[in-house]
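Good morning, everyone, and thank you for making time for this.

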Amino acid sequence: MKRALCLFLAGGSLYPGIELAWRKKTHISMSFAGGICLCLIDRVCNGCMKKKRLPLRCIAGSGIITGVEFIIGLAVNVVGKRNVWDYSSMPLNVMGQICLPFSIAWCFLTLPAMWFCNLFHRRKSHL
């Protein structure tokens, strides 16, 4: 439980930080998305899929991030009408909440996320 909370808080800080660096703005919902994503990437990509090939784990991580982004996008942007992001102008988007170019980018973002989770586990075991 403590590990999951630490990963949630780390993801909840890192994800909005990446968004601030990229878009120069963020929203509190991105903290929740980041926390959920890092916990799921740890559990799936570094957990039950750890013996799978790296490209497959990255695709799984992309699916996790894309799925979380879609669900939070529906809640925040569609239902809540907050208009935090809109991918409507991007190719192959779904309801303006997710799109193929960013899903591909999430494959690459999964690499440092998995590394961070592994680093976290190694450091925790040495304390």
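Predicted model: local features only at pLDDT ≥ 70, side-chain atom pairs only at ≥ 80, totals over all residues.

Residues are numbered from 1 along each chain as its sequence is written, and side-chain values use heavy atoms, with hydrogens and water left out.

Let me begin with helix packing. Two packed helices are described by the angle between their axes and the distance between the axes. Here an axis is a line fitted to C-alpha atoms, for helices over the stretch in contact, and angles run from 0 to 180 degrees between N-to-C directions. Helices (H or I, at least four residues) and strands (E, at least two) are DSSP runs, numbered from the N terminus.

Helix α1, residues 2-23, and helix α2 have axes that come within 6 Å and cross at roughly 125°, and that makes α1 oblique to α2. As for the word oblique, angles under 35 degrees count as roughly parallel, over 145 as roughly antiparallel, 65 to 115 as roughly perpendicular, and the rest as oblique. The residues that meet include L7, F8 and Y15 in α1 and F32, I36 and C39 in α2, where contact means heavy atoms within 4.5 Å. By class, this contact of α1 with α2 has twelve nonpolar, five polar and three charged residues; Ala, Val, Leu, Ile, Met, Phe, Trp, Tyr, Cys and Pro count as nonpolar, Asp, Glu, Lys and Arg as charged, and the others, Gly among them, as polar.

Now to the next pair: the axes of α2, residues 28-48, and α3, residues 54-79, come within 9 Å and cross at roughly 150°, and α2 and α3 are therefore roughly antiparallel to each other. Among the residues making this contact are A33, L40 and V44 of α2 and I64, V68 and I72 of α3, and the contact divides into 15 nonpolar residues, three polar and one charged.

What about the cysteines, and how many disulfides does the structure hold? The number is zero, a disulfide being a pair of cysteine sulfur atoms within 2.5 Å. For C6, the nearest cysteine sulfur is that of C39, 9.6 Å away, and C6 counts as partly exposed at 32% relative accessibility. On that scale, buried means under 20% relative accessible area, exposed over 50%, and partly exposed in between, with a 1.4 Å probe and protein chains only. C117 has its closest cysteine sulfur in C39 at 7.9 Å, too far for a bond, and C117 counts as buried at 0%. C39 itself is placed in helix α2, and, not counting residues up to four places away in sequence, C39 touches A4, L7 and F8.

Finally, the single residues. T66 is in helix α3 and counts as buried, at 11% relative accessibility; leaving aside neighbours within four places in sequence, T66 is in contact with I98, S103 and W106.

Most residues other than glycine have a negative phi. K24, however, has a positive phi of about 70° although it is not a glycine; K24 sits in the loop between α1 and α2 and counts as exposed, at 67%. L92 also has a positive phi, of about 50°, and lies in the loop between α3 and β1, where L92 counts as exposed at 64%.
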